[in-house]
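Open the model in your viewer and keep the selection tool at hand. The tour below goes from one stop to the next, saying at each what to select and what is there.

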Amino acid sequence: METKPMGITSFLKRMFGAEPPDVSQQTVIENFTVPAAPQEQGIPAERLGLNGEYDQSGLAKRVALAFDQDPDTDDFERLWVAQTGGTVVLKGEVPTQADLDKLVAIARGVYGATDVNAEQVSITG
């Protein structure tokens, strides 16, 4: 999978202060790198962290990482990712509807995402 270089302005770093995980220990599911297996049995997909651990914001972090891994997305500084259970919640602003459509499509493809709510995103362009 081709990825763009992740700098200080990556979604993951800006929103969660997190560094990308070591992908050598991960597997690709639906065009997104996820932990190969949870470290503990019974971790729900929406709580699976970047390294296979339980993480209350696991899905949101994995969506942010997916945005960073896609070479066609920018780090829109006024866009935020949250989650409610398996629903990815996008909030803020993006320049175009095409940008929003791309981000929603990426979020839908992340392991554990059951829905994407982009009602709180406005188009600025």
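In which strand is the place of Val121? Select Val121 and you will find that its place is in strand β5, where strands (E, at least two residues) and helices (H or I, at least four) are DSSP runs numbered from the N terminus. Before going on, note that this is a predicted model, in which local features need pLDDT of at least 70 and side-chain atom pairs count only at pLDDT 80 or more, while totals for chains, interfaces and linings use all residues. Residues are numbered from 1 along each chain as its sequence is written, and side-chain values use heavy atoms, with hydrogens and water left out.

Val121 has a relative accessible area of 12% and is therefore buried, a word that means under 20% relative accessible area (1.4 Å probe, protein chains only). Next, show Val94, which is 27 residues from Val121 along the chain, with 7.2 Å between the two C-alpha atoms. Leaving aside neighbours within four places in sequence, the residues in contact with Val121 (heavy atoms within 4.5 Å) include Leu79, Leu90, Val94 and Leu100.

Now select Val63, Phe67, Leu79, Val81, Val88 and Leu90, the residues with the most contacts inside the largest nonpolar core, which has 27 residues; such a core is a set of buried Ala, Val, Leu, Ile, Met, Phe, Trp, Tyr and Cys residues joined through side-chain atoms within 4.5 Å. Colour α2 (58-69), one of the elements that each supply at least two residues of this core; α2 gives the most, with seven residues.

Finally, select Ser10, in the segment before α1, which counts as buried because its relative accessibility is 8%. Not counting residues up to four places away in sequence, Ser10 touches Asp68 and Asp75.

Methods
Buried means under 20% relative accessible area, exposed over 50%, partly exposed in between (1.4 Å probe, protein chains only).
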